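Hi,

Here is the model I said I would pass on.

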Protein chains: 2
Amino acid sequence: MKKNVLIIGAGGVAQVVAHKCAQNNDVLGDIHIASRTLAKCEAIIASVKEKNALKTDGKLEAHALDAMDVDATKALIEKTGAQIVINVGSAFLNMSVMSACIETGAAYIDTAIHEDPMKICETPPWYANYEWKRREEAEKAGATVILGAGFDPGVVNAYAKLAYDEYFDKIDSIDIVDINAGNHGRYFATNFDPEINFREFTGQVWSWQNNEWISNKMFEIGKEWDLPVVGKQKAYMTGHDEVHSLSQILGVPNVRFWMGFGDHYINVFTVLKNLGLLSEQPVKTAEGVEVVPLKVVKAVLPDPGSLAPNYTGKTCIGDFVKGTKDGKEREVFIYNVADHKEAYEEVGSQGISYTAGVPAVAAAMLVATGEWDVKKMANVEELPAQPFLGLLNKIGLPTRIKDENGDRALEF
Amino acid sequence: MKKNVLIIGAGGVAQVVAHKCAQNNDVLGDIHIASRTLAKCEAIIASVKEKNALKTDGKLEAHALDAMDVDATKALIEKTGAQIVINVGSAFLNMSVMSACIETGAAYIDTAIHEDPMKICETPPWYANYEWKRREEAEKAGATVILGAGFDPGVVNAYAKLAYDEYFDKIDSIDIVDINAGNHGRYFATNFDPEINFREFTGQVWSWQNNEWISNKMFEIGKEWDLPVVGKQKAYMTGHDEVHSLSQILGVPNVRFWMGFGDHYINVFTVLKNLGLLSEQPVKTAEGVEVVPLKVVKAVLPDPGSLAPNYTGKTCIGDFVKGTKDGKEREVFIYNVADHKEAYEEVGSQGISYTAGVPAVAAAMLVATGEWDVKKMANVEELPAQPFLGLLNKIGLPTRIKDENGDRALEF
């Protein structure tokens, strides 16, 4: 049983995590928020207080921290007495924050795979490049390290695990589909850090098909999906973290990820990419200023956090799973629908941040209660799905299923 | 009678000017090329020598010069004995180079209006903001200052003057149409300095209609034109230097400029502009690097000079003039067609640089022979058109006319 949470990061997802931790501080204990910019942590705390989100009286504190600095992170973990660290900072921080957790015995939870700022779309399976190299170290230390506990990766991995355990004898394919049918009213914006967003799409698209890694170009393979609530939507095969774990851990021959993109997004992305403006390699201006083009694009785009107040519409994210059960072929779609405006009203963030942040808090609560305090490194599909999805039903991200018996809520 | 030429600048247009001066050094005398980067001047000299372009033996020398430094420019004019300065450097240099010329008595010739790096599309008429303020000063000093002697502005002003003198009693409208039907084979590139190119289109579009300044947005007003050789082409009303002088000097009630753009150019431009990437105002990256987005765009785009070897196709630039002659309404189109590949074979530059550079050399030759050595400031339409167009017929940019009597070459 662990308690007291340290949240690393102070962006849109951290805001959601802070609110949800506050709403469940009877289970989680003290809440600490740390990022390079103290003022951003303080703004989140002000927002939590404004909504009276703390369930019971308890600590809610801001800290300035460079989370690349392992010793400083260890010192803060020890000073705060945090036994659970939720890392929702930049994807470049994972390895250093994980080190601080393993060395102090705090549980580690993140929502996205580690990235090296100078590399894009590395060799699959991506987890084997960084995280999985440390499995033995984590187990030896008895450290609970939960990888990718956001929505995708995260909840979609639990959907896959649920299908694997309950609905199929044998799974042939898992197609994860992520549609944001929301509207932020701006000419163009990304829903999370533009740098991380674009980096997902500038390299090769890796998918797992017929038990092999297949490489495609971005926007090369598109398909229209007919989804509950958001209707028919075009989505494109995209590289994504969970393809790299599900394929290896569940032994399913086909795992693909599809993300919805409108023609306008694709056009803007294509222009920027073809001009070289999404490059992570520095260029020099005629005046001698050296700068990474992608960072300039990030600087001119709207701050994703600023989109929340005017965001309307819904997201639909889920797993189409095909296979056989009792000798018969079947297909199920396990999914969640979230609403941008409801998310903003509850926690002051838009729906994309909401779906990423709430699951990390559910994971933290399961570590706190012991159900997920596994004392080793685990991807979400290695953990029992039912308590996770049951908790998410209660705290804002209910699971539904659509199959031959209709479209209905799932209770656990 | 003046001789010896100092060329300021070492880009694509300067390359054309150097070659054409060399081909006519029996009239022009010594040739000097100066820019910030000595190596660029030396590369132009090597190209002139490779083509054996010098008509008679003569000086051809490179110099390093910061042309924003008036004293340094004066010293170079005096050292080289240049009596004619052709300024084909950045549009930000005009005022300082002009000062050096007026103070030393050298004739000044440029091909584009002065620009302030921090301002875009100023109050019309643009010439009144900088150049025309110095008319009196030039006349008092007896300095020959010829403004805008490229193709547009320049040759199109002479076409207007020719129409005014020869083909009409009264002109109702001048529509200048600039079509580049060439193909450089790259995803996207500008034909001259991207910074100057984009700056033309990011502000308001000023046109002179019914004796008033009218403001529109870029790409707001488009029209299909049917032109000789290049055929039907869509062009958009654009702000351009010559609208600002022709309207004031010839007293014509309607002067408009139309530039051809393909849908692809417009799409790329629109994306960059709407994202804020064409801004001349600095932004700061998350890492604290301060940089002007437009300069980063310039850094990632192809160097316009690099397009020349593979450029194919033709340009068509000319004046549609409407009015009355002997009581009857009439319309003429006076124009030139240039070929990218022929330009490259002759002078190592593409057609856009060729059409801008050759007229400046024709102007210099007319100053050298005295015909245009007017000892005051003048836009091209204030000078006799026939000797200028007659010389251009001989040195690479022949004039044609299309009217009720057909389509034919014009001889002078």
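**What I found**

Pro153(B) sits in the loop between β6 (145-147) and α7 (155-167) of chain B; helices (H or I, at least four residues) and strands (E, at least two) are DSSP runs, numbered from the N terminus. The peptide bond from Asp152(B) to Pro153(B) is cis, with omega near 10°.

Before the rest, some ground rules. This is a predicted model, where local features need pLDDT of at least 70 and side-chain atom pairs count only at pLDDT 80 or more, while totals for chains, interfaces and linings use all residues. Residues are numbered from 1 along each chain as its sequence is written, chains are lettered from A and ligands numbered from 1 in the order in which they are written, and side-chain values use heavy atoms, with hydrogens and water left out.

Chain A has a cis bond too: the one from Pro124(A) to Pro125(A), with omega near -10°. Pro125(A) is in the loop between β5 (107-110) and α6 (135-141) of chain A.

Now the interface. Contact (heavy atoms within 4.5 Å) takes in 27 residues from chain A and 27 residues from chain B. Together the chains bury about 2,200 Å², 77% of it on carbon and sulfur atoms; that is the accessible area (1.4 Å probe) that two parts lose on being put together, summed over both. Tyr187(A), Leu275(A) and Val300(A) supply 27% of the area that chain A buries against chain B, more than any other three residues.

The rule finds two salt bridges across this interface, a salt bridge being a side-chain nitrogen of Lys or Arg within 4 Å of a carboxyl oxygen of Asp or Glu. Glu287(B) forms one with Lys295(A), the closest N and O atoms being 3.0 Å apart.

On to a hairpin in chain A. Strands β8 (residues 204-209) and β9 (residues 212-217) pair in the antiparallel sense over six bridges (strands pair if DSSP finds at least two bridges between them). Gln204(A) stands opposite Lys217(A). Two residues separate the strands, and Asn210(A) in the turn has a positive phi of about 50°. Five of the six residues of β8(A) are buried, so the strand is largely enclosed by the rest of the structure; buried means under 20% relative accessible area, exposed over 50%, partly exposed in between (1.4 Å probe, protein chains only).

Finally, Asp326(B) also has a positive phi of about 50° although it is not a glycine. At 64% relative accessibility, Asp326(B) counts as exposed.

Cheers
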